[in-house]
Amino acid sequence: MRKLIISLVQTINGAYALDGWSTGVSTKADFNYFIALRRQAGAIIIDRRTALNPALPVINAPGKALEHTPVHVLTESDPDELSRQLAEAGLDYRAQHFTPDTAAQVLEAVESTSETLVCESGPNLAYRLLDAVPGAELHLSLSPLYSHSAGSHFSQLEATLRLRVIDVRTVDDQVFIRYAKA
């Protein structure tokens with residue numbers, strides 16, 4: 001079974017975004033941790049919203065450290081339409097259809113250069129994968145920031161999932177907590 005690491009950053013009061021994106025709640029320590037996770041990834045898993053954001057850099061652009069790392073965009077909607085949008089944007093990302101019931105099987109089948117998959121998504125996809133994939137880990141990065149604005153708490157998914165802490169670290173004022181399903 002592949003190892004799935006789900007990376008999420010949020011503020012101490014649960015905001016996932018500032019100005020609509022997680023980069024606003026991230027810190028230098030969080031960014032360095034994020035880069036370390038990316039370097040061990042044999043494939044990157046993202047959601048549609050992240051993939052189609054023109055303000056974000058291309059993950060596997062030529063000349064970048066992850067140039068040969070496959071990027072899979074998981075979507076519960078039409079993967080053919082998403083593939084067309086990705087191609088129009090010049091992105092070498094692979095659209096993958098999944099449902100909550102098929103998420104584990106989809107991840108087992110994705111192209112990867114190693115056994116470690118890293119998911120960089122918002123809370124909705126993160127929950128879906130954490131719930132569906134046995135052995136998945138959530139790496140939650142808590143920023144020393146209290147923030148609440150329009151769009152900062154965008155997850156509307158109603159869900160409950162019990163987790164257990166498997167590691168806690170602090171770098172500067174950033175807290176990194178690793179969780180697994182209880």
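Helices (H or I, at least four residues) and strands (E, at least two) are DSSP runs, numbered from the N terminus. The model shown in these views is predicted.

View 1. Glutamate 81 and arginine 84 lie three residues apart in helix H3, so about one helical turn separates them. The two form a salt bridge in which the closest N and O atoms are 2.2 Å apart. Glutamate 81 is partly exposed, at a relative accessible area of 29%. Arginine 84 is also partly exposed, with a value of 38%. Salt bridges with shared partners bring Glu81, Arg84 and Glu88 together in one network. A search of the whole structure finds eight salt bridges.

**View 2. Strands E3 and E4 with the helix between them.** Strand E3 (residues 71-75) and strand E4 (residues 93-97) run parallel and are joined by five bridges. Between these strands the chain passes through helix H3 (residues 79-88), and the β-α-β crossover made in this way is right-handed. Within the pair, valine 71 stands opposite tyrosine 93 of E4.

**View 3. A salt bridge between glutamate 115 and arginine 2.** The side chains of glutamate 115 and arginine 2 meet in a salt bridge, at 4.0 Å from N to O. This pair links distant parts of the chain, 113 residues apart. Glutamate 115 belongs to the loop between helix H4 (103-109) and strand E5 (116-120), while arginine 2 belongs to the segment before strand E1 (3-11). Arginine 2 counts as buried because its relative accessible area is 14%, under the 20% limit.

**View 4. A salt bridge between arginine 128 and glutamate 76.** Arginine 128 and glutamate 76 form a salt bridge, with 3.5 Å between the closest N and O atoms. The partners are 52 residues apart and link distant parts of the chain: arginine 128 is in helix H5 (residues 123-132), and glutamate 76 is in the loop between E3 and H3. Arginine 128 is partly exposed, at 23% relative accessibility. Glutamate 76 is partly exposed too, at 45%.

**View 5. Leucine 74 and the nonpolar cores.** The largest nonpolar core contains 26 residues, and those with the most contacts inside it are Leu4, Ile6, Leu74, Leu107 and Leu129. At least two residues of this core come from each of E1, strand E2 (43-47), H4, E5, H5, strand E6 (137-143) and strand E8 (174-181). Neighbours within four places in sequence aside, leucine 74 has contacts that include Ile45, Ile46, Phe98, Val106, Leu107, Leu125 and Leu129. Leucine 74 also touches Asp47, Arg48 and Gln96. A second, separate core has 19 residues, among them Ala51, Leu66, Val71 and Leu82.

View 6. Helix H1 (residues 28-40) has 13 residues, which at 1.5 Å a residue should span 18 Å. The C-alpha atoms at its ends are 19 Å apart, which agrees. Ala29, Asp30, Tyr33, Ile35, Leu37 and Arg38 of H1 are buried. The elements covering these buried residues include E1, E2, E5, E6, strand E7 (163-171) and E8.

**View 7. The whole protein, for orientation.** The protein has five helices and eight strands. Along the sequence they follow the pattern β-α-β-α-β-α-β-α-β-α-β-β-β. Of its 182 residues, 45% count as buried. Among contacts in the protein with a separation of 6 or more, 72% are between residues 24 or more positions apart.

Definitions and conventions: Residues numbered from 1 in each chain as written. Predicted model: local features only at pLDDT ≥ 70, side-chain atom pairs only at ≥ 80, totals over all residues. Heavy atoms only, no water. Pairing = 2+ DSSP bridges. Right-handed = clockwise from strand over helix to strand, strands pointing away. Buried < 20%, exposed > 50% of the residue type's maximum accessible area, 1.4 Å probe, protein only. Core = buried A, V, L, I, M, F, W, Y, C linked by side-chain atoms within 4.5 Å. Contact = heavy atoms within 4.5 Å. Expected span 1.5 Å × (residues − 1).
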